[in-house]
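Good morning, and thank you for joining this group meeting.

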Amino acid sequence: MKRTTLSLIAGATALAAVTGFAALTVPEGTAAPEATKATTRLPVERVGLACPVPSSSEVAETVYTSYTPVGTDTGKTPGADKGKGNDKAEKPTALLKPATGATASDGTGKKPPAPRAPATVTTPGKPVTAEANGASVPALTGSATGPLAPGWTVQQTTVVPAGGSRGLLGLTCGAPDTDFWFPAASTAKARHDYVHLTNPDDTAAVADITLYGPEGVLKSQFTEGIPVPAHSTVPVLLSTLTHEAAQRDVTVHVTTRSGRVGAAVGVADDKLGSDWLSASADPSGSVVLPGIPADATSVRLVVFAPGQDDADLKVKLSTANGAIVPAGAGTLHVKSGMTTSIDLPDLTRGSAASLFLGPENAKRPVPVVAALQVVRGKGEKSEIAFIPAAGPISARATVADNRAKASTLSLTAPDADAQVKITASAGSGAGTPVSKTVTVRAGTTTALTDLVPQGLKGSYALTVEPVSGGKVHAARTLAVPQDGVPMFTVQTLTDDRGTVEVPSARQDLGVLD
């Protein structure tokens, strides 16, 4: 038999950097070469994002902030040398474009205009902004390639100064996926909640939506097989999907049977303003909801257990001084398949905080998803925002569109002391980056308001990188008061997955001919 030697590492490395995974297969019964156990991390080569239609208000003012953090010495991008000395080599890009299938949200049916200037990143470390105003702004999709891909993030921030959708709406544009959970949505008469499904890909997607109320699945119509054409967006009003009585608290589950979508819930409340509800972190037996503002006047916790078992949870409030049990809310029973909610009055008492949910029986954790509905202000001067459960930052996470004296970064470490490095980027107009290392004690929440680039002009990005110790969860609050209304929005920080693990040594695999 002739023995042919194949070198597979180059192909596997390139696949991993683009798709996020790679696998090497050896003949059955053959031990894998020892060196394949050694791995390294390399930067990803391409990422994609989807931003929904920002508003249907004629007076809406939207800013897109696009940013890629400065890279680290984690490896070399596959193909980085490719094309050197070749003028035709593909240049790296990080660009948002209107979804080509989108139509204006003002009812005209016309193709909407693009933002006034494309939010195109040309170099890591400097935010780029673009403005787009009115009701005709489309959904945007885009991708970043090469050295601009690792950690690329886009923040969509909209101010609606008046009208039924008045408020500050903030959203970190999401990567397309196939499964999303949204606790804290609603079909109540005072609420107008839309699920926005945006398809950034070249092929059509088909999505399903399931609604769960306090008594279980809501009888729904038109929720299966929702077509989302390529490069298009589809908004779905939740209250039109069911004939059942209006529900104050609903959990929305979005899945795709083919293709991928970006998904977010746009919330408008007749009395409390409007904001985006982002997806909860994946179901988990322990849940962290970081970044409750110090001056919150109302906090409502919404939890859902998607599995077959009920969940019995311990509830703890993480403050600057440590974790405590909220008065009258130390435990919570969540029935399987039913949305459970509880009001938490006078929760923060003037100190920024986070909420920890964990199993009463540590040996029997039941996965749940969760979100908080948070209100600042009182009466007609009230404003709503949402905080979904957030996963830990494993390597790096970034939030863009921070503003001097308007941004608060909240960090919490539920289990053990942790050190993190925080970097404030250059400003979109001007400014010198600054960094500092912060220690977050176990069970506490640390709020930072003073880390701002030197000589700042414009907005800036904040990047969090764990240094040592336990897991860290984070959120950013952006507060922009207007006419006495304490407008604000909260974005949790999600690990940017800017690198991928691949085999680190060349392997020769014997294949029998």
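Predicted model: local features only at pLDDT ≥ 70, side-chain atom pairs only at ≥ 80, totals over all residues.

Let me start with a definition: a residue is called buried under 20% relative accessible area, exposed over 50%, and partly exposed in between, computed with a 1.4 Å probe on protein chains only. By this rule Ala 479 is partly exposed, because its relative accessible area is 22%.

Residues are numbered from 1 along each chain as its sequence is written, and side-chain values use heavy atoms, with hydrogens and water left out.

Let us stay with Ala 479 for a moment. This residue is found in strand β36; strands here are DSSP runs of E with at least two residues, numbered from the N terminus. Which residues does Ala 479 touch, leaving aside its neighbours within four places in sequence? Ala 479 is in contact, meaning heavy atoms within 4.5 Å, with Arg 376, Ala 406, Met 487 and Phe 488. The C-alpha atoms of Ala 479 and Pro 293 are separated by 9.9 Å, although the two residues are 186 residues apart along the chain.

Strand β36 leads us to its sheet. Strands of a sheet pair through backbone hydrogen bonds, either parallel or antiparallel. Two strands count as paired if DSSP finds at least two bridges between them. The sheet that holds β36 is open and has 4 strands in the order β33-β29-β36-β37, with antiparallel pairing. Because β33 (445-448) and β37 (488-492) stand at the edges with a single partner strand each, one side of each is left without a neighbour in the sheet. On average, neighbouring strands of this sheet are turned by 20° against each other, direction ignored; the axes behind such angles are lines fitted to C-alpha atoms, and angles run from 0 to 180 degrees between N-to-C directions. Strand β36, residues 473-479, pairs with β37 over 5 bridges in the antiparallel sense, and Thr 477 stands opposite Val 490 in β37.

A second open sheet also has 4 strands, in the order β24-β20-β26-β27, and its pairing is antiparallel. Here β24 (339-343) and β27 (383-388) are the edge strands, each with a single partner, so one side of each lacks a neighbour in the sheet. Within this sheet, β20 (residues 296-304) and β26 (residues 369-376) pair in the antiparallel sense over 8 bridges. Val 299 has Val 374 in β26 as its bridge partner.

We now turn to strand β7, residues 140-145. Strand β7 pairs with β3 in the antiparallel sense over 6 bridges, where Arg 46 stands opposite Thr 145 in β7. Strand β5, residues 94-98, also pairs with β7 in the antiparallel sense, over 5 bridges, and the bridge partner of Leu 96 in β7 is Gly 142.

Finally, how many disulfides does the structure hold? There is 1 disulfide, by the criterion of two cysteine sulfur atoms within 2.5 Å. It joins Cys 51 to Cys 173, with an S to S distance of 2.1 Å. Cys 51 lies in strand β3 (residues 46-51) and Cys 173 in the loop between β9 (167-172) and β10 (179-185), so the pair ties together parts that are 122 residues apart in sequence. The torsion about the S-S bond of Cys 51 and Cys 173 is about 115°, so this disulfide is right-handed. Both Cys 51 and Cys 173 are buried.
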